[in-house]
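Colleague: I would like to go through this model with you, feature by feature. Please give the general idea each time before turning to the case at hand.

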Amino acid sequence: MESPGERLKRLLIGISLCLFLIIALAMLDGRLFPSGIEGEAITESPLAVIVAVLAIVTAAFALLLNVAKDWPHDSLPIDKWFSREKEGAMRLRLKEEMEDASVASLGSSWARMEMKHLESKHNEEE
């Protein structure tokens with residue numbers, strides 16, 4: 001089973017390839033450079049610039065995910081949403097987090113119960 005990070009990388013590669021194809025078709029059709037001079041970088045349509053920037057950003061992000069596949073788990077900020085861990089490592093980490101959470105809630109529950117008991121005992125003494 002693939003990690004969510006691998007799935008995100010494949011999705012970003014697909015999106016960037018589609019966007020690059022759209023840019024290439026627009027260039028061939030003459031819509032990206034309407035004057036016919038290929039040296040001009042400014043287009044008449046701001047949508048073409050947006051599509052080009054989006055294609056570059058998605059390709060760069062997919063490349064970053066590919067380079068970071070061997071990095072440790074919390075080295076990228078996106079690891080909180082799309083983990084790059086293998087399934088076995090992810091299961092172990094989640095089990096440890098669940099055990100830590102259950103011990104923490106047990107401690108806070110115990111403290112609340114003790115606080116109520118002390119308050120009731122203090123009210124009885126008065």
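Colleague: In which helix does lysine 9 lie?

Modeller: A helix here is a DSSP run of H or I with at least four residues, and a strand is a run of E with at least two, both numbered from the N terminus. Lysine 9 belongs to helix α1, and the protein, which has 3 helices and 0 strands, reads α-α-α along the sequence. Please keep in mind that this is a predicted model, in which local features need pLDDT of at least 70 and side-chain atom pairs count only at pLDDT 80 or more, whereas totals for chains, interfaces and linings use all residues. Residues are numbered from 1 along each chain as its sequence is written, and side-chain values use heavy atoms, with hydrogens and water left out.

Colleague: Is lysine 9 buried or exposed?

Modeller: Buried means under 20% relative accessible area, exposed over 50%, and partly exposed in between, with a 1.4 Å probe and protein chains only. Lysine 9 has a relative accessible area of 11% and is therefore buried; across the protein, buried residues make up 19% of the 126 residues.

Colleague: Which residues is lysine 9 in contact with, leaving aside its neighbours within four places in sequence?

Modeller: Contact means heavy atoms within 4.5 Å. With those neighbours left aside, lysine 9 touches Ala62, Leu65 and Asn66.

Colleague: At what angle do helix α1 and helix α2 pack?

Modeller: Two packed helices are described by the angle between their axes and the distance between the axes. Axes are lines fitted to C-alpha atoms, for helices over the stretch in contact, and angles run from 0 to 180 degrees between N-to-C directions. Helix α1 (residues 4–29) and helix α2 (residues 46–67) pack at about 150°, with their axes 8 Å apart. That angle makes α1 roughly antiparallel to α2, since angles under 35 degrees count as roughly parallel, over 145 as roughly antiparallel, 65 to 115 as roughly perpendicular and the rest as oblique.

Colleague: Where does threonine 58 lie, and is threonine 58 buried or exposed?

Modeller: Threonine 58 lies in helix α2 and is buried, with a relative accessible area of 10%. Leaving aside its neighbours within four places in sequence, threonine 58 is in contact with Leu12, Ile15, Ser16 and Leu19.
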